[in-house]
Amino acid sequence: MKKSILLFSLSIFIIGTLELNAQIEIPQPSPKAKVETTVGLTDVSISYFRPSVKGRQIFGEGGDFLQPYGVLWRAGANNGTILDLSTDAMIAGNKVEAGKYLVLMTPGENEWEFILYSDISLGGNVGNFDESKEVVSVIQKATKLDEPVETLTYQISDISANNRSANIHFEWENVSLKIPFEVTYDDKVMAQIAQYTRVSPRNLITAANYYYTNDKDLNQALEWVNAYLAEGKNSEQFWNLHLKAQILAKMGNKKEAKQVAEKSIELAKKNSSGDFGYVKRNQDLIDAL
């Protein structure tokens with residue numbers, strides 16, 4: 001009898017707990033989003049919530065607008081927008097240490113203030129803003145869009161060819177704002193080259209490619225490529241022969257560059273899995289010579 005009562009009570013408790021924890025899930029008016037990429041060796045992410053225009057006037061002068069000019073804004077919805085950097089970076093000319101920062105903005109007709117705030121617990125409660133916690137505060141020119149953007153969007157855009165710079169890119173309604181940032185990685189890569197080229201011959205090619213791409217000592221780059229290609233069947237790797245041809249061409253040794261490029265073409269044509277575009281790459285290099 002006691003056992004039955006105990007089981008009945010336990011069942012009632014479990015049902016009650018489930019009812020208390022039960023929630024109806026519906027689509028949120030400002031869904032969460034995240035954009036992330038790697039610039040150089042720096043992981044960059046922006047986590048935010050995405051409100052939509054929904055026929056409203058968003059940015060403008062006076063109280064008729066959702067976000068009036070001159071008023072500090074959480075730069076998104078709900079708990080605001082967070083920028084996360086895995087290494088130090090330069091943002092709009094200001095050094096910013098690795099870490100997480102709240103993104104805040106003050107819209108204007110032509111220029112906006114962009115702020116990075118060190119205390120992410122502030123969230124969307126900009127009324128408790130503490131100026132002493134500003135890490136970056138810059139004025140940036142905004143651009144008017146020809147086509148409206150319905151849902152607030154962040155991107156990490158315009159990554160440079162050398163992977164050293166990009167933009168924090170905001171768009172909503174009729175406004176586009178780009179905040180430039182830069183990263184460095186040369187010291188770290190050079191330290192790795194010094195350490196790891198002694199450990200594994202495979203790293204010689206990576207080191208040579210870095211030297212070639214970043215206009216460093218080409219004689220050293222060529223030495224590394226030759227050392228790698230001299231090992232076993234590495235000399236048949238037409239893609240790395242192409243790198244050697246590029247280095248020689250950059251050094252001004254056109255005759256040998258042409259010979260190596262032709263050898264790379266020959267091997268690429270014989271490859272049963274395809275040439276992966278290296279026949280054309282080598283031919284383009286030869287034509288450029």
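**View 1. Lysine 34 is exposed, at 54% relative accessibility.** Exposed means over 50% relative accessible area, buried under 20%, and partly exposed in between (1.4 Å probe, protein chains only). Glutamate 36 is also at 54% relative accessibility and counts as exposed. Lysine 34 and glutamate 36 form a salt bridge, with their closest N and O atoms 4.0 Å apart. A salt bridge is a side-chain nitrogen of Lys or Arg within 4 Å of a carboxyl oxygen of Asp or Glu. By this rule there are 9 salt bridges.

The model is predicted: local features need pLDDT of at least 70, side-chain atom pairs count only at pLDDT 80 or more, and totals for chains, interfaces and linings use all residues. Residues are numbered from 1 along each chain as its sequence is written, and side-chain values use heavy atoms, leaving out hydrogens and water.

**View 2. A salt bridge joins lysine 216 to aspartate 186.** The closest N and O atoms of this pair are 3.2 Å apart. Lysine 216 lies in the loop between α3 (202-213) and α4 (218-229), and aspartate 186 in helix α2 (residues 186-196), so the pair ties together parts that are 30 residues apart in sequence. Helices are DSSP runs (H or I, at least four residues), numbered from the N terminus. Lysine 216 has a relative accessible area of 25% and is partly exposed.

**View 3. Lys263, Glu266 and Lys270 are linked in a network of salt bridges.** Within it, the closest N and O atoms of lysine 270 and glutamate 266 are 3.4 Å apart. Both residues lie in helix α6 (residues 254-270), 4 residues apart, about one turn of the helix. Lysine 270 is exposed, at 60% relative accessible area, while glutamate 266 is partly exposed, at 37%.

Technical notes:
Helix = DSSP H or I, 4+ residues; strand = E, 2+ residues; numbered from the N terminus.
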